[in-house]
Amino acid sequence: MKIHEYQGRQLLASFGIPVPAGTVIESIEQAATTYKQIASESGSDLVVIKAQVHAGGRGKAGFVKLVRSPQEAEEAARFMLTNRMVSVQTGPEGLEVKKLLLAAGVDIADRPGTPNAKEEFYLAITTDRGSRRNVLIASREGGVDIETVAHDRPDAIIKEPLHPIMGLQQHQARKVAFDLGFKGSQVSQAVKIMLGLAKLFEAKDCALAEINPLIITPSSATHPDGQVLAIDAKFTFDDNATFRHKDIQAMFDPTEENPAELRAQRFGLSYIALDGNIGCLVNGAGLAMATMDIVKLHGGSPANFLDVGGSATEEAVTEAFSIILSDHNVKGVMVNIFGGIMRCDVIAAGIINAATKHKNPDGSTGFKVPLVVRLEGTNVEAGRKLLADAKASLPTLQPATDLTDAAMKVCKAVG
């Protein structure tokens, strides 16, 4: 589960991590008034406006803007709320923007000895699958795509593993702070932020807790060494643990999710939309991955990951077909079922009934696209016979003898 940046800022603040105050708006008309309020409270005419969507690349896409007047704020809001945001993370279709975060602009100190560089850092905690431990990740290269930094300059990435029980220790945080180049009072500020982020990560069952950038403000009377602030936040949470966190559940924004994926969740299906044209219906996550691999191997492109689970009931299969075919890019469907506890003849009957009852947008019933079915497991011969006998009522149905045969048939059928 993902949340918006403004919600992430609220979480950071609740764990003692300093973030600039901000206000969320949902209409163009609110922009000028909100700008005036923020500018008055901060004593500065600089305000940042940021689109609130579950995707990165906002700045490069023009959906993060610095404004210095109510008119500029209104123009920026109009642009963001009337255009879809297209970035490397959204795909060409982009995302609709429905909320904007307005916050006081923050001056960032220049980095000593590095012309045109600012004191921006990257800080995150996530799970390292290789070491099977949570790890603190940090870099002096903040404010940019950390994936690019990790690929091009892996030596710029600092990794500090967290103790499985005690979590991040103060001496570890101090080491990272010194390695990042913090000095004077900046060190204690950075340590407090790291320890707070680690506590937040553990307390809320996060999958990722990220601050990018973490910045240092210029020296002032109240902060001679500058103030260390988090000015952007990104969080994802373990879906299997959100039942323990009512406050996190309340942050869920269904408008940012794929409607088909939400629909699948209601029926206990694991569905992820992809950009191919071959729908895949499989029972078992590992088998689903193998199915997509073999479709790619034979020149096809999967339109989805869909695991109907071990039971593969007729109701689940019916709903799965409906979800798959709601994607207008789907030109063929491959069903790959292994009958373990559930017998293949029962599964075959369910597939036939579900496919026969499927309702098309024009009001007709039955499949209009090629349907290739591969069965294996208990009572497989009886199941295959049912599929063979169903050709009259389902002319697009093609039974397959094995996984390779199924992949080759569906790829050929969709061209």
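Let's start at one residue, Phe235. Leaving aside neighbours within four places in sequence, Phe235 is in contact with Met1, Lys2, Ile3, Gly8, Leu12, Leu197, Leu200, Cys206, Leu208 and Ala209. Contact here means heavy atoms within 4.5 Å.

Before going further, a word on what you are looking at. This is a predicted model, in which local features need pLDDT of at least 70 and side-chain atom pairs count only at pLDDT 80 or more, while totals for chains, interfaces and linings use all residues. Residues are numbered from 1 along each chain as its sequence is written, and side-chain values use heavy atoms, with hydrogens and water left out.

Now step back to the whole chain. The chain has 13 helices and 16 strands; these are DSSP runs numbered from the N terminus, helices being H or I with at least four residues and strands being E with at least two. Its C-alpha atoms fill a box of roughly 85 × 50 × 40 Å, taken along the principal axes. Of the 415 residues in the chain, 50% are buried. Buried means under 20% relative accessible area, exposed means over 50%, and partly exposed is in between, using a 1.4 Å probe and protein chains only. Among contacts with a separation of 6 or more, 66% are between residues 24 or more positions apart.

Ala355 takes us to helix 11, where it is one of the buried residues, along with Cys344, Asp345, Ile347, Ala348, Gly350, Ile351, Ile352 and Ala354. The buried residues of this helix pack against helix 10 (314-325), strand 14 (332-339), strand 15 (371-377) and helix 12 (380-389).

Next, find Val330, in the loop between helix 10 and strand 14. Is Val330 buried or exposed? Val330 has a relative accessible area of 6%, so it counts as buried. Beyond its neighbours within four places in sequence, Val330 is in contact with Asn277, Gly279, Ala303, Ile324, Leu325 and Val369. For a sense of distance, Val330 and Phe15 are 315 residues apart along the chain, and their C-alpha atoms are separated by 46 Å.

Charged side chains come next. The structure holds 19 salt bridges, a salt bridge being a side-chain nitrogen of Lys or Arg within 4 Å of a carboxyl oxygen of Asp or Glu. Asp110 and Lys118 form one of them, at 2.8 Å from N to O. Asp110 counts as exposed because its relative accessibility is 54%, while Lys118, at 37%, is partly exposed. Another joins Arg9 to Glu5, with the closest N and O atoms 3.2 Å apart. Both residues lie in helix 1, four residues apart, about one turn of the helix. An α-helix has 3.6 residues a turn, so residues three or four places apart point the same way. Arg9 is buried, with a relative accessible area of 7%, and Glu5 is buried too, at 5%. The side chains of Arg384 and Glu376 also meet in a salt bridge, at 3.2 Å from N to O. Through shared partners, salt bridges join Glu5, Arg9, Lys50, Arg58 and Asp232 into one network.

Finally, visit Asp307, in strand 13 (residues 304-307). Asp307 is buried yet has no salt bridge, and the nearest side chain of opposite charge, Arg374, is 13 Å away. Here Lys and Arg count as positive and Asp and Glu as negative, with His and the chain ends not counted. What lies 2.6 Å from a polar atom of the side chain of Asp307? The backbone nitrogen of Gly284 does. Leaving aside neighbours within four places in sequence, Asp307 is in contact with Leu269, Ser270, Val282, Asn283, Gly284 and Ala285.

Definitions and conventions: Polar contact = N/O pair within 3.5 Å; in protein donor to acceptor, adjacent residues only side chain to side chain.
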